[in-house]
Amino acid sequence: MRSDIFSGSVLGIAAHPDDLEYGCFGTLFKFRSNFSLAIYIASLGGENDPTSGLDRKRECENALAYLNPDKIVFREKVGVDSYLEIVQELETIIKSENVSLVLVPSHRDSHQDHRKVSKMAISAIRRSDISVLFYSLLSSDLSFRARLFVDITDCFYLKMKALKSHKSQSQKYYMSEKYLEIFHSDSFANLHGIECVERFEIDRLFL
């Protein structure tokens, strides 16, 4: 694939700690030498999740250390709120880091926080020539249509290691090795020789 898509300055946006690791860690790791990386985490977890809090921030920092990001911004609140404030924070990062590509959860998602950050990201880059890819999460709904498939077979072991940094989430079913193997298996990709994949919707690309 054209690795120059992942070049320049990339901004990874997540609603919660572990979203970015779950949806696109392998892709970021695979092409990490090509770009500078900024990360924005919009909360310390969901409002109704008893594990939400500062422990999740520390777990996320440990996981993301494998990517050696140039900048990490955490919004130290539980739940995704304050639409205008978050949009303004994203605008500031986008400008200061000269961002050329944004990775963000899709709005085609059953989790309200993922939908919110997706819309916030689009608001923050309005009228710009920044490319946007929506990454898939376990809560992506049936309308999510992947058009970009990234082979992460060679670095899947490291993605698993990063996800294990989220010890507070280890008992959740979707963190089990079996579930993760299923999540990263895609019939279309498998038929084309790719064992382990991360999927993206292409919102817009400027090359």
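Good morning. A word of caution to begin: the model is predicted.

Let's take the overall picture. The protein chain has 7 helices and 7 strands. Read from the N terminus, the order is β-α-β-α-β-α-β-α-β-β-α-α-α-β. Along its principal axes, the C-alpha trace spans about 45 × 40 × 30 Å. What about the radius of gyration? For 207 residues, a compact globule would come near 17 Å, and this chain has 16 Å, which agrees.

Next, the inside and the surface. Buried residues account for 53% of the 207. The chain exposes about 9,800 Å², and carbon and sulfur atoms supply 50% of that. Now contacts. Take those between residues at least 6 apart in sequence: 82% of them join residues at least 24 apart.

On to charge. The chain carries 26 positive and 29 negative charges. Their mean positions are 2 Å apart. Side chains of opposite charge can pair when their charged atoms come close. How many salt bridges are there? The count is 15. I'll walk through some of them.

First up, Asp70 and Arg32. Their closest N and O atoms are 3.1 Å apart. This pair links distant parts of the chain, 38 residues apart. Asp70 sits in the loop between α2 and β3, and Arg32 in the loop between α1 and β2. Arg32 has 16%, so Arg32 counts as buried.

Next, Arg75 and Glu89. Their side chains meet at 2.7 Å, N to O. Arg75 lies in the loop between β3 and α3, while Glu89 is in helix α3, so the bridge ties together parts 14 residues apart in sequence. Arg75 is buried, at 6% relative accessibility. Glu89 is partly exposed, at 30%.

Then Glu91 and Arg126. Here the N to O distance is 2.8 Å. Glu91 is in helix α3 and Arg126 in the loop between α4 and β5, so this bridge ties together parts 35 residues apart in sequence. Both are partly exposed: Glu91 has a relative accessible area of 26%, and Arg126 comes in at 41%.

One more item: a network. Which residues does it link by salt bridges? They are Asp18, Asp49, Arg56 and Lys172.

To recap: 15 salt bridges, in a chain of 7 helices and 7 strands. Thank you.

Notes. Residues are numbered from 1 along each chain as its sequence is written. This is a predicted model: local features need pLDDT of at least 70, side-chain atom pairs count only at pLDDT 80 or more; totals for chains, interfaces and linings use all residues. Side-chain values use heavy atoms; hydrogens and water are left out. A salt bridge is a side-chain nitrogen of Lys or Arg within 4 Å of a carboxyl oxygen of Asp or Glu. Helices (H or I, at least four residues) and strands (E, at least two) are DSSP runs, numbered from the N terminus. Buried means under 20% relative accessible area, exposed over 50%, partly exposed in between (1.4 Å probe, protein chains only). The radius of gyration is taken over C-alpha atoms; the globule rule is 2.2 Å times the number of residues to the power 0.38. Contact means heavy atoms within 4.5 Å. Accessible areas come from the Shrake-Rupley method with a 1.4 Å probe; for residues, only the protein chains shown count as cover. Lys and Arg count as positive and Asp and Glu as negative; His and the chain ends are not counted. The place of a charge is taken as NZ of Lys, CZ of Arg, CG of Asp or CD of Glu.
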